[in-house]
Amino acid sequence: MNKIIVFVAVVATLLLTSCGSQKPATSSAPKSAVNSAIGQALPDEPCITLQEEAPAIRKYGNGVHFKEATARSLAEAQARAAFARSIAAALTTATEEIGVSLEKYAGDDATGRSVSDQSGESNDFVMSIAQEIVKNTHPIKTSRYLKPNNQYNIYVCLEYMGTENEMVDKAEGSLKDKISADDRAKLEKRHDDFRQRVLNTLKK
């Protein structure tokens, strides 16, 4: 009888030990592995956040240099260049979509010389319009960081001094002065369509 009791006690002990050693089921991929695959999240940079809130009228730039003033200048230059490229691309895309040619004239109607005759690039004057618009921007936010090697890391966010509609008005007015009379009439006829296409491109 005692042997039976001892045997039952041993079996019960083994069963309890086995159950206690089992771990609850978990996902096949550890949390650390998932994070490693995605990458480490970076903190939000205020200048980038500001651009994302109003991409049509804001652009940011970043500059790194051992002199703070130089780093700031590089950041502003990068932001202006991004602004100009964005506006020029929006104008080019919108004119193509409504059937307005940018290849006929780069000056007034009296000049009558083709863009290719003057510059060799059909979008040079579109970029000149964009660069003129960019002059009407100003910094609204500057972030300053010091890297471990003592270089300044500067972010600058530029904003157009006016609404997005005012900016498109300025661009459209300058564009009308540069294209042929026929294309000018076409642009005026499809005025609302042109403006909407420009804005849609700028906001991407």
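A disulfide is a pair of cysteine sulfur atoms within 2.5 Å. The views below come from a predicted model, in which local features need pLDDT of at least 70 and side-chain atom pairs count only at pLDDT 80 or more, while totals for chains, interfaces and linings use all residues. Residues are numbered from 1 along each chain as its sequence is written, and side-chain values use heavy atoms, with hydrogens and water left out.

**View 1. Cys47 and Cys157.** A search of the whole structure finds 0 disulfides. The sulfur of Cys47 has its closest cysteine sulfur in Cys157, at 5.7 Å, which is too far for a bond. Cys47 is buried, at 0% relative accessibility, where buried means under 20% relative accessible area, calculated with a 1.4 Å probe on protein chains only; Cys157 is also buried, with a relative accessible area of 0%.

View 2. In the order 1-3-2, 3 strands form an open sheet with antiparallel pairing; strands are DSSP runs (E, at least two residues) numbered from the N terminus, and two of them pair if DSSP finds at least two bridges between them. Strand 1 (58-65) and strand 2 (137-146) stand at the edges, and because each has a single partner strand, one side of each is left without a neighbour in the sheet.

**View 3. Strand 1 beside strand 3.** Strand 1 and strand 3 (residues 152-160) run antiparallel and are joined by 8 bridges. Tyr60 stands opposite Cys157 in strand 3.

**View 4. Helix 4 on the sheet.** Helix 4 (residues 68-98), a DSSP run of H or I with at least four residues, packs on the sheet and touches strand 1, strand 2 and strand 3, contact being heavy atoms within 4.5 Å.

Methods
Buried means under 20% relative accessible area, exposed over 50%, partly exposed in between (1.4 Å probe, protein chains only). Axes are lines fitted to C-alpha atoms, for helices over the stretch in contact, and angles run from 0 to 180 degrees between N-to-C directions.
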